[in-house]
There are 2 protein chains.
Amino acid sequence: MSRFPADSVGLVTPQYQTFAEPLRLACGRMLAGYDLVYETYGELNARRSNAVLICHALSGHHHAAGFHSEDERKPGWWDACIGPGKAIDTNRFFVVALNNLGGCHGSTGPCSTNPETGKSYGASFPILTVEDWVNSQACLADVLGIDTWAAVVGGSLGGMQALQWTISYPHRVRHCIAIATAPKLSAQNIAFNEVARQAIITDPDFHNGDYAAFGVIPKRGLMLARMVGHITYLSDDSMGEKFGRELRTDRLNYDFTSVEFQVESYLRYQGQEFSARFDANTYLLMTKALDYFDPAEVNGGNLAQTLEPVQARFLVVSFTTDWRFSPARSRELVNGLLAARKEVSYVEIEAPQGHDAFLLPIPRYVAALSRYMNQIEVDR
Amino acid sequence: MSRFPADSVGLVTPQYQTFAEPLRLACGRMLAGYDLVYETYGELNARRSNAVLICHALSGHHHAAGFHSEDERKPGWWDACIGPGKAIDTNRFFVVALNNLGGCHGSTGPCSTNPETGKSYGASFPILTVEDWVNSQACLADVLGIDTWAAVVGGSLGGMQALQWTISYPHRVRHCIAIATAPKLSAQNIAFNEVARQAIITDPDFHNGDYAAFGVIPKRGLMLARMVGHITYLSDDSMGEKFGRELRTDRLNYDFTSVEFQVESYLRYQGQEFSARFDANTYLLMTKALDYFDPAEVNGGNLAQTLEPVQARFLVVSFTTDWRFSPARSRELVNGLLAARKEVSYVEIEAPQGHDAFLLPIPRYVAALSRYMNQIEVDR
């Protein structure tokens with residue numbers, strides 16, 4: 001008998017798809033060929049009308065639900081919402097989750113071998129944009145025989161991809177669910193990304209991105225980048241509730257090396273753990289994709305005009321204490337959609353967890369997502 | 001004829017005071033002796049009743065007003081508020097501004113020579129707290145013949161010193177002006193400080209704080225620390241207004257080394273400029289003093305009880321878009337004072353500039369400060 005819960009998709013196996021067709025990128029360069037790693041949950045129906053694409057955020061990947069082995073301790077990153085009977089119900093939907101191009105979890109990225117040189121791409125890997133990702137995801141959809149997604153769903157950077165899908169391929173998306181996201185970064189958002197990048201780039205072990213050739217990784221830089229990022233994922237309130245000013249030991253040490261407060265210990269751990277498992281070049285690439293995202297830019301900043309061709313209906317979700325992409329940023333998107341006379345539902349969820357809320361099983365949030373997904377028609 | 005404006009204190013000369021008496025510190029260590037550098041503006045009256053102490057914030061110093069030379073381009077850091085006829089009117093008040101112990105602008109600090117070893121203190125300099133600073137400032141007051149300050153004034157970390165004065169020396173402060181400050185740091189505040197410290201400490205040029213012996217400075221770490229700090233000094237709105245998503249050049253470069261957006265260029269400049277002029281050990285020390293400040297801790301967090309012995313009247317000022325020390329943090333202090341039945345005036349200033357507002361000549365802010373200072377009685 002399986003040890004997995006009844007509402008889990010259970011054991012899942014990543015699949016690989018090689019694309020021989022070159023991909024023209026926004027930066028002007030071409031990627032000769034590439035692999036994408038992805039997982040699927042549920043069954044594609046006969047009319048191929050029940051496919052849902054899950055787009056991941058900065059440090060995410062293709063393992064969104066279920067378990068890779070009987071021993072795996074934690075399920076995929078969005079297991080709370082994907083599974084039989086869950087908000088994204090795998091009894092109804094065929095769910096596809098991939099690792100984005102440029103990632104470090106199996107899809108072609110800076111750690112992959114460049115066939116032209118026989119060495120890892122490293123710093124020579126091209127910069128990617130949200131548009132590029134959507135184009136590569138469209139190639140994957142073609143291979144899977146999915147002409148139109150029932151829904152494209154994502155939070156944060158994933159929400160930007162979901163939005164871009166409706167602009168790049170208006171006829172291939174019926175519903176867009178954009179969670180805790182923004183139609184473009186603010187100067188403050190870019191500033192935090194820039195600190196993260198400078199932390200990585202100025203790490204002596206970065207070697208201009210070719211650290212692999214030197215047999216090192218820029219751990220310090222990645223750690224700092226993650227620490228900064230992590231602060232922006234949590235709300236002031238949630239950090240206060242989680243840690244307050246609790247001391248690590250029962251008295252102050254009054255030195256620079258000891259960890260005095262629990263929050264310091266937590267942040268260092270998060271940073272160190274992340275630096276051991278994530279690739280620095282991929283991190284740079286992801287933050288750049290965030291910075292560059294600004295679909296309205298070609299229309300002089302007119303978001304409504306940019307959204308004119310959109311065919312999809314939208315669910316937009318924000319969280320009250322999210323200060324990375326605050327509710328005001330979601331409302332920008334909602335207002336743009338309304339000005340373009342599109343159908344949009346908007347839910348602002350009262351949640352103390354900050355930006356991280358989009359990954360958590362907050363009842364009102366899951367209920368809103370569930371209700372929206374349930375009303376999506378899926379002809380057998 | 002002087003080139004200085006009529007409302008400037010004009011040419012000023014820093015003064016040095018050596019203290020031979022050892023200072024017992026909160027960390028349990030003793031500082032055998034030390035120097036403090038300070039400036040004064042205006043004249044101490046016969047009754048010595050018109051002295052105002054200005055306490056500086058994290059990266060501040062003793063040069064608060066006027067000019068060090070005819071050629072100096074910029075006046076002291078709070079020249080907007082200190083001078084003849086200004087909010088802190090040097091026609092009425094004798095103003096004292098010092099560089100805190102542990103600083104890097106002339107007072108004894110990590111860069112100073114340890115008389116016991118003949119080498120610079122570096123990492124061996126003791127950790128200081130806000131209480132220690134106040135004790136050292138009290139020694140300076142003794143030397144200057146100032147028994148009671150008409151007012152102790154400070155913003156941010158300076159506001160914490162002003163508050164601590166009223167607790168440590170209740171009978172030596174008549175008025176406390178605490179601006180853009182908090183009775184203690186939040187977990188998020190500590191987290192940002194910890195990122196800054198880790199950036200410095202993990203810089204290979206830090207050498208456990210003894211970088212001077214190696215003839216280097218941890219520039220990268222200091223730069224990152226300042227970049228993070230700088231983001232928290234500005235509001236999202238003010239960054240947006242200042243930079244928006246403006247590009248540095250007229251097109252995107254799509255690489256990791258170019259500066260794409262103006263805000264990146266601004267932050268890098270701020271970080272680099274700071275790293276060339278500020279000492280890393282002092283930066284660590286200042287952030288630790290911020291973290292440790294929590295005067296109510298000895299009373300189990302009861303701020304009102306802590307404020308019971310206070311004799312001073314308070315003016316508390318906050319700024320609407322300050323998210324480093326938000327108005328809610330100032331109201332904590334105000335509520336504590338009210339609960340302890342102290343006299344307090346509170347002004348919340350509508351200002352888009354974030355935490356930085358406390359350094360800027362915002363008319364309503366300057367008017368409030370001016371009005372409060374003007375009602376302070378000064379017997380000749």
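**Close-up views of a predicted model**

View 1. Cys111(A) is partly exposed, with a relative accessible area of 48%. The model is predicted. A disulfide is a covalent bond between the sulfur atoms of two cysteines. A search of the whole structure finds zero of them over all chains. Cys111(A) is accordingly in no disulfide; its nearest cysteine sulfur belongs to Cys104(A), 6.1 Å away. Cys139(A) is also in view. Its closest cysteine sulfur is in Cys55(A), at 14 Å, which is too far for a bond. Cys139(A) counts as partly exposed, at 26% relative accessibility.

**View 2. An edge-to-face pair in chain A.** A pair of aromatic rings is described by the distance of the centres and the angle of the planes. The count over all chains comes to 30 aromatic pairs. One of them joins Tyr121(A) and Phe125(A). Their ring centres are 4.9 Å apart and their planes stand at 90 degrees, so this pair is edge-to-face. The cut-off for that label is over 60 degrees. Tyr121(A) is buried, at 9% relative accessibility. Phe125(A) is buried as well, with a relative accessible area of 2%.

**View 3. A tilted pair between a loop and a helix.** Phe243(A) and Tyr266(A) form a tilted aromatic pair. The distance is 4.7 Å centre to centre, with 45 degrees between the planes. Phe243(A) sits in the loop between helix H5 (236-242) and helix H6 (262-277) of chain A, while Tyr266(A) is in helix H6 of chain A, so the pair ties together parts that are 23 residues apart in sequence. Both Phe243(A) and Tyr266(A) are buried.

**View 4. A ring cluster with members from chains A and B.** Phe192(A), Trp323(A), Phe192(B) and Trp323(B) make up this cluster. Ring pairs link them.

**View 5. Arginines over aromatic rings.** Two examples come from chain A. Arg172(A) lies over the face of Tyr169(A), 5.9 Å from the ring centre. Arg226(A) lies over the face of Phe274(A), 4.1 Å from the ring centre.

**View 6. Tyr283 in the largest nonpolar core.** In soluble globular proteins, nonpolar side chains tend to be buried together. The largest nonpolar core here has 182 residues. Within this core, Tyr283(A) and Tyr283(B) touch the most other members. Neighbours within four places in sequence are left aside in what follows. A second, separate core holds 38 residues, among them Val95(B), Ala150(B), Val153(B) and Tyr372(B).

**View 7. Phe274 of chain B.** Phe274(B) lies in helix H6 (residues 262-277) of chain B. Phe274(B) is buried, with a relative accessible area of 0%. Apart from neighbours within four places in sequence, Phe274(B) is in contact with Ser59(B), Leu222(B), Arg226(B) and Tyr283(B). Tyr346(B) is 72 residues from Phe274(B) along the chain. The C-alpha atoms of these two residues are separated by 33 Å.

**View 8. Helix H4 of chain B.** Helix H4 covers residues 219-233 of chain B. At 1.5 Å a residue, its 15 residues should span 21 Å. Its end C-alpha atoms are 21 Å apart, which agrees. H4(B) is mostly covered, with 13 of its 15 residues buried.

Terms used: Residues numbered from 1 in each chain as written. Chains lettered and ligands numbered in written order. Predicted model: local features only at pLDDT ≥ 70, side-chain atom pairs only at ≥ 80, totals over all residues. Heavy atoms only, no water. Phe/Tyr/Trp six-rings, centres within 6.5 Å; stacked < 30°, edge-to-face > 60°. Buried < 20%, exposed > 50% of the residue type's maximum accessible area, 1.4 Å probe, protein only. Helix = DSSP H or I, 4+ residues; strand = E, 2+ residues; numbered from the N terminus. Lys NZ or Arg CZ within 6 Å of the ring centre and 35° of its normal. Core = buried A, V, L, I, M, F, W, Y, C linked by side-chain atoms within 4.5 Å. Contact = heavy atoms within 4.5 Å. Expected span 1.5 Å × (residues − 1). Disulfide = S-S within 2.5 Å.
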